[in-house]
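User: I would like to go through this structure with you. Could you take me through the chains one topic at a time?

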Amino acid sequence: MRSDAGRLVPAGLDGRRELIQAAAVLLTALFAAAMCCLIVYTNARSDMYVYRNGVRMLRPGAEFPYCADMAARSAPFFAAAALFMLYKLARYVSYHYQGSRSIYTMRRLPQRLELARRCLSLPLAGCLTSLLLFLALTALFCAVYLAVTPEEWIRPGQWEAVRRMILGR
Amino acid sequence: MLEIKDVTKRFGSKTALNSVSLSLPRGELVGLFGENGAGKTTLMKCILGLMGHSGQITLDGERITRKNIARLSFATCEHSFFPDLSGAGHADFYAAHFPAFRRRRFEVLMDFFSLPLNRAPRSFSTGQKNQFEVVLALSQGADYILMDEPFSGSDVFNREDFYKVLLGILDNGETVLLSTHMLEEVDSFISRAVLLHSGRITGDISMSELEESGESLMDYVKRAWNYRSDRIRRAIDELSGEAGDR
């Protein structure tokens, strides 16, 4: 794994360490996003009730938010992970100009895509994984939402709302 | 044969190379001389495809592309090694990417210069970095080895070692294009001198022709560049005159 990982980053960087770092950032984003979803859901449930004379009752006219709206609150964590990957891309490119001009060697290689592969592989994979994790968490959250939310609270068009959230329309 | 035909390179309004034409057959050790800003580095980078240019550069009649780029190697005073990759790591990298990489030569040269295989060049001294850069260029397995002021910052013993290596290690078919300011150090072993001045070739002579003419390389260069040695005397006289007036 060590030699394979080394081929995905600029020569001289520890490929395994870079992979572990990227994985740690993604897992941290996933954990934070999941906690966010849990907190948002819990708060939303609490907001459905009011206390009158010491008695807890449903707030009149209260509407339980769509699962998509709740899941969307986790997006910034995955966006931050993607930004970290873009930082890595900038770092990998600038590496070839620091301490020497190894860019001259990379641009002289017979393998045309070697420079692109070493600079882009990990950051692009990281961005894609961040997006996939967001989609997976959204799907999982909505499935749990539908399972644990009282049926009378669930507004129609939940998956339509998810589609709109993902596609932006 | 490396053929350079009418190569021009401009940076905005400044012309770094002006219709430069040059032929480099196999087996020559060519000194490329010129003042700072003459275009030596620009010429080498154009040959290697690191810069765009007009004109034509061919290797045995073919444009230089990914298919034949491995026949050219490069040692530069800016250094083109990977600062965090060990010597051994460099050998593996070069072997993986340059089919003709000469591992035995690499190991012998690393040993000759006492460079460690298990340390990254970031921790090397300036002289060691220069040596390592040259080792890589000589070991790549290229037919044409372009060296752009590879001794920049090296002491005289460092340079002496390099000359010994260069003379002893090159095969008959290997060509070196060596850009340097150290005229008097290299004139004993180069076979040809090419002079570049303000982006133009102003001189191109074989050392045997120069020897027959009885002129030293330094005198040839001064003549080609219209070097005016009297200007120093005049400047000193003017300064002395000012001091006298006070």
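Analyst: A definition first: two strands pair if DSSP finds at least two bridges between them. Please also keep in mind that this is a predicted model.

User: Understood. In what order do the strands of the open sheet in chain B run?

Analyst: The order is β2-β1-β4-β5, with four strands in the open sheet of chain B and antiparallel pairing.

User: And which are the edge strands?

Analyst: They are β2 (14-24) and β5 (62-63) of chain B, each of which pairs on one side only.

User: How many bridges join β4 of chain B to β5(B)?

Analyst: Two bridges join them, in the antiparallel sense, and β4 of chain B covers residues 54-59. As for the residues involved, Thr58(B) stands opposite Arg63(B) of β5(B).

User: What does helix α1 of chain B touch on the sheet?

Analyst: Helix α1 of chain B, residues 40-47, packs on the sheet and touches β1 (2-11), β2 and β4 of chain B. The direction of this helix makes about 60° with that of β2(B).

User: Let us turn to chain A. How many helices and strands does it have?

Analyst: Chain A has seven helices and two strands. Along the sequence, these elements follow the pattern α-α-β-β-α-α-α-α-α.

User: Why is chain A described as more spread out than a compact globule?

Analyst: The radius of gyration of chain A is 22 Å, whereas the globule rule gives 15 Å for 169 residues; the value is well over that, so chain A is more spread out than a compact globule. Taken along the principal axes, the box filled by its C-alpha atoms is roughly 75 × 30 × 25 Å.

User: What share of its residues count as buried?

Analyst: In chain A, 31% of the 169 residues count as buried. Among contacts in chain A with a separation of 6 or more, 73% are between residues 24 or more positions apart.

User: Back to the two strands of chain A. How do they pair?

Analyst: Strand β1 (residues 49-52) and strand β2 (residues 55-58) of chain A pair in the antiparallel sense over four bridges. Tyr51(A) has Arg56(A) of β2(A) as its bridge partner. The hairpin of β1(A) and β2(A) has two residues between the strands, and Asn53(A) takes a positive phi near 55° there.

User: Finally, how many residues of each chain are in contact across the interface?

Analyst: Contact involves 15 residues of chain A and 19 residues of chain B. On the side of chain A that touches chain B, five residues are nonpolar, six polar and four charged.

Technical notes
Residues are numbered from 1 along each chain as its sequence is written. Chains are lettered from A and ligands numbered from 1 in the order in which they are written. This is a predicted model: local features need pLDDT of at least 70, side-chain atom pairs count only at pLDDT 80 or more; totals for chains, interfaces and linings use all residues. Two residues are in contact if their C-beta atoms, placed from the backbone, lie within 7 Å. Ala, Val, Leu, Ile, Met, Phe, Trp, Tyr, Cys and Pro count as nonpolar, Asp, Glu, Lys and Arg as charged, and the others, Gly among them, as polar. The radius of gyration is taken over C-alpha atoms; the globule rule is 2.2 Å times the number of residues to the power 0.38. A residue is buried if 20 or more other C-beta atoms lie within 10 Å of its own, exposed if 12 or fewer, and partly exposed in between; C-beta atoms are placed from the backbone. Axes are lines fitted to C-alpha atoms, for helices over the stretch in contact, and angles run from 0 to 180 degrees between N-to-C directions.
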